[in-house]
Amino acid sequence: INRKGQMLLTQRRTPGKKFWDGKWQLPGGEIEFGESPEQALNREMQEELGVSAKILFPYPIVRSIVYKKGKHIDLNIDVHLMLLCYLVDIGNQKITLDNDPEKETAAFRWWYPHEIKKLKVLPLTIEFIEAAGRIMKSNKLLQ
């Protein structure tokens with residue numbers, strides 16, 4: 001989140017995977033073996049955007065989702081994902097994207113929460129944005 005109350009989303013690049021490709025999402029990724037959630041957050045922010053993140057609120061927003069094989073995405077097994085979202089500040093750092101077509105981040109943009117509701121987003125993105133807005137308001141973050 002930034003000082004204007006905007007939230008950073010990235011646009012996913014996954015050609016051939018219609019369910020994911022071109023949709024907006026919160027930046028991030030998987031926790032690697034042996035990493036803490038906070039370590040994964042910092043690694044993913046560095047890999048995807050070339051920035052480091054300062055956690056503004058100590059507790060993540062936690063949601064889960066189940067994908068059934070063959071229904072939404074090209075999986076041959078059912079998958080149950082647990083997703084963690086931290087409210088972070090990157091200050092005035094310049095975001096840099098790797099233009100490699102193999103990278104999953106095609107673009108980024110700062111959005112106001114009401115604008116995000118009009119976008120094509122990945123599942124749970126709106127739920128995370130709404131929860132983040134409630135936390136920001138009740139904890140007076142970035143005021």
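Are Trp20 and Tyr67 buried or exposed? Select them both: Trp20 and Tyr67 are buried (under 20% relative accessible area with a 1.4 Å probe and protein chains only; exposed is over 50%, partly exposed in between).

This is a predicted model, where local features need pLDDT of at least 70, side-chain atom pairs count only at pLDDT 80 or more, and totals for chains, interfaces and linings use all residues. Residues are numbered from 1 along each chain as its sequence is written, and side-chain values use heavy atoms, without hydrogens and water.

**First stop: Trp20 and Tyr67.** The structure holds five aromatic pairs (ring centres of Phe, Tyr or the six-membered ring of Trp within 6.5 Å; planes under 30 degrees apart are stacked, over 60 edge-to-face, the rest tilted). In one of them, the centres of Trp20 and Tyr67 are 5.8 Å apart and the planes stand at 65°, so the pair is edge-to-face. Trp20 is in the loop between β1 and β2, while Tyr67 is in strand β4, 47 residues apart (strands are DSSP runs of E, at least two residues, numbered from the N terminus).

**Next: Lys23.** Its charged end sits over the ring of Phe19, 4.8 Å from the centre (NZ of Lys or CZ of Arg within 6 Å of the ring centre and within 35 degrees of the ring normal).

**Then: Trp24 and Trp111.** This pair is edge-to-face too, 5.3 Å centre to centre, with 80° between the planes. Trp24 lies in strand β2 and Trp111 in strand β7, so the pair ties together parts 87 residues apart in sequence. Trp24 counts as buried at 12% relative accessibility, and Trp111 counts as buried at 8%.

The charged end of Arg109 sits over the ring of Trp111, 3.8 Å from its centre.

Terms used. Helix = DSSP H or I, 4+ residues; strand = E, 2+ residues; numbered from the N terminus.
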